[in-house]
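Please look through the sequence and the model shown here.

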Amino acid sequence: MAFSGLDAQAAKIADPSTDINVKLGIVKELSKTFSSEGQRDPEWQRATTTIFPILLDTLKSGHPIWKRQVNDKENVEHVLRMQILELLHKLMSLDCMRPQLANLAPLLLEVIRIDNEEMGILAMKMFNELFRAARSLIENHSSSFVQLTIEAFNATHEALDDLFSSTGAAMVEPDRAVLPKAITSLKLLADAPLSCLYILQNPSPAVSQFLSNQSMTEAALKIFVYQAPQEKEFDPDQMEEDITQYGPPASIVNQAVFNDLITAQVKICETVPAAAIRILRFMSPEAYSIRKEAVTVLRHLAITELKSAFAPLMGELLDERMLVGNLRSEPMLMSAVTMILTEVIQHTRGYMDFLVMMKVLRFGCLRLSDSSAPQGIVSTGSRTVVYILEALSVKVRPTEVPIPQEISTKLNALLHAMLEMMCTRLQCSVTIGERLVALKDGTASEELKQMVTLEQSRTIPVLGYLAAENYEHFLAEERLFLRGIPTIVKFGLQIIRTLNGRVPDADVMGRLFKSLCLAIPILRGDPQSETHIYKQTMEMFVEMEPH
């Protein structure tokens with residue numbers, strides 16, 4: 001196939017004297033050449049490299065269309081602009097186009113800002129794909145995109161009352177001929193949060209500085225909390241007994257508009273920590289998959305610039321009813337949400353105050369002290385305690401602002417209680433580890449074998465690790481917990497010393513040391529864990545010396 005005439009054909013698109021129908025025919029023909037054969041042809045690559053800026057200039061010089069005609073022949077201007085944008089969408093994925101992508105990004109933002117809904121939604125999708133595939137090339141446009149998203153939130157919020165007024169689009173039959181503005185489109189807003197999350201996960205300095213002055217959360221919350229006037233007619237506090245409204249209000253004529261509002265509100269949850277936690281609070285306590293998905297949203301948010309918003313909300317997240325509802329008996333869900341919560345704590349701990357940190361520390365210690373907790377819960381509880389103690393050890397360092405005496409006293413008491421709890425839990429862990437090693441190596445005593453037989457015969461085992469088919473998995477979890485013990489003790493002693501707290505009880509420290517010595521044989525099958533515990537135990541002794 002010959003491609004030598006493509007650039008000459010494309011030049012006609014830029015010629016103002018060319019009939020618009022001819023231009024549309026040329027763009028459609030260019031789209032047909034987008035094939036695997038064409039992409040391998042050097043002549044096609046050269047031609048499309050020339051075509052790309054011509055298509056950009058054609059879109060820039062054109063004007064938005066707000067009226068959709070009955071058919072494509074009458075609607076040719078809008079169809080041409082859509083065809084050009086769709087062709088650019090195809091071309092931008094080619095390696096030979098990478099040098100020109102920096103010129104495409106500002107055009108996409110301009111389309112979202114000034115064009116109609118159909119053009120804006122496609123431009124939003126293209127910017128999202130562009131940012132993920134070629135971030136380094138368009139990074140300097142990320143702050144402009146975030147600013148545009150905030151503008152869209154504010155503009156849409158201002159338009160909502162008109163939309164749901166007695167003469168608004170929601171209260172009349174759908175008008176298929178009207179092309180709404182993209183900047184006030186609920187459909188477009190539903191796509192915006194995903195793009196924002198990608199940008200906020202590793203924000204550039206420009207985005208970070210911009211967000212410090214502009215509040216995306218405030219703008220998004222305006223949409224999230226918005227209630228259409230028709231919804232308020234069904235206020236539960238003002239309704240007669242035994243009458244409940246489910247689903248969209250029937251008085252809304254154009255239900256598609258209301259559905260777009262609900263969809264946008266759900267998507268906005270992904271950019272607002274407070275909204276995401278509110279969803280968890282009001283979710284059915286029996287919900288399983290959607291609860292897991294909602295908790296996963298928190299993990300995504302915790303690695304963005306919005307992580308600071310979690311600090312005052314962490315107390316709610318530590319409530320088991322928030323995380324698992326009535327599904328505590330579902331071990332897979334318990335394990336998954338506990339692991340996600342641990343990651344959220346890891347990323348947000350630097351923004352917590354002392355009171356929140358102590359709540360998290362108490363939560364982690366309670367997890368560890370629960371002897372009936374699944375093995376995965378124990379290891380994640382250990383990580384939670386390590387993460388928060390590490391953050392506390394930094395926070396208690398001498399500064400110009402002294403730590404309030406009340407906080408210091410409570411923290412000291414909590415740390416001493418933690419050391420005693422760790423001593424008891426470590427002894428329990430050593431017993432579990434010794435049993436698992438014996439079962440794995442085939443050196444189990446008759447008494448232990450009888451215990452295994454008993455646990456395997458139970459419908460719900462009391463000691464789940466003895467009823468397991470794979471002892472190695474449980475042993476690995478126990479080793480993870482044991483590896484963290486010296487680090488937990490080291491940080492605990494360090495913070496007590498910094499706060500001038502009382503010296504830890506000698507009997508407690510003696511039992512801790514003895515149990516750690518007994519734990520060494522359990523770790524011998526894992527060279528990495530064995531090396532780690534020796535190193536951390538030495539650091540623990542260094543910290544014990546001043547006491």
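A302 is buried, with a relative accessible area of 0%; buried means under 20% relative accessible area, exposed over 50%, and partly exposed in between, with a 1.4 Å probe and protein chains only. The model is a predicted one, in which local features need pLDDT of at least 70 and side-chain atom pairs count only at pLDDT 80 or more, while totals for chains, interfaces and linings use all residues. Residues are numbered from 1 along each chain as its sequence is written, and side-chain values use heavy atoms, with hydrogens and water left out.

A302 belongs to helix α16, residues 289-302. Helices (H or I, at least four residues) and strands (E, at least two) are DSSP runs, numbered from the N terminus. Leaving out residues up to four places away in sequence, A302 touches K307, F310, V344, H347 and T348, where contact means heavy atoms within 4.5 Å.

Apart from neighbours within four places in sequence, M314 is in contact with L341, V344, I345, T348, M352, V356 and V360. M314 is one of the residues with the most contacts inside the largest nonpolar core, along with L317, M352, L361, L389 and M418. A nonpolar core is a set of buried Ala, Val, Leu, Ile, Met, Phe, Trp, Tyr and Cys residues joined through side-chain atoms within 4.5 Å. This core has 89 residues, and its largest share, 15 residues, comes from helix α22, residues 405-441. There is also a second, separate core of 75 residues, which includes L59, M97, L189 and I199. In soluble globular proteins, nonpolar side chains tend to be buried together.

The whole chain can now be put around these cores. The protein has 547 residues, and buried residues make up 48% of them. It contains 26 helices and zero strands. Of the contacts between residues at least 6 apart in sequence, 77% join residues at least 24 apart.

How do the helices pack? Two packed helices are described by the angle between their axes and the distance between the axes. Axes are lines fitted to C-alpha atoms, for helices over the stretch in contact, and angles run from 0 to 180 degrees between N-to-C directions. Angles under 35 degrees count as roughly parallel, over 145 as roughly antiparallel, 65 to 115 as roughly perpendicular and the rest as oblique.

Helix α22 packs with α24: their axes come within 9 Å and cross at roughly 155°. The two helices are therefore roughly antiparallel to each other. The crossing of α22 and α24 is left-handed, a term used if the near helix is turned anticlockwise from the far one by less than a right angle, with right-handed used if clockwise. The residues of this contact divide into 21 nonpolar, five polar and four charged. In this classing, Ala, Val, Leu, Ile, Met, Phe, Trp, Tyr, Cys and Pro count as nonpolar, Asp, Glu, Lys and Arg as charged, and the others, Gly among them, as polar.

Helix α24 (residues 471-498) also meets helix α25 (residues 506-523), with axes that come within 11 Å and cross at roughly 150°. These two are therefore roughly antiparallel to each other as well, and their crossing is left-handed. On the α24 side the contact is made by L475, R479, L482, I485, P486, V489 and L493, which meet M509, L512, L516, A519, I522 and L523 of α25. By class, this contact has 12 nonpolar, no polar and one charged residues.

Loops are found on both sides of α24. A468 lies in the loop between α23 (446-457) and α24, and is buried at a relative accessible area of 12%. N500 is found in the loop between α24 and α25 and is exposed, with a relative accessible area of 70%. The phi of N500 is near 60°, a positive value in a residue other than glycine.

Another helix pair is α2 (residues 20-32) with α5 (residues 76-91), which pack at about 25° with their axes 10 Å apart. That makes α2 roughly parallel to α5, and α2 passes α5 in a left-handed crossing.
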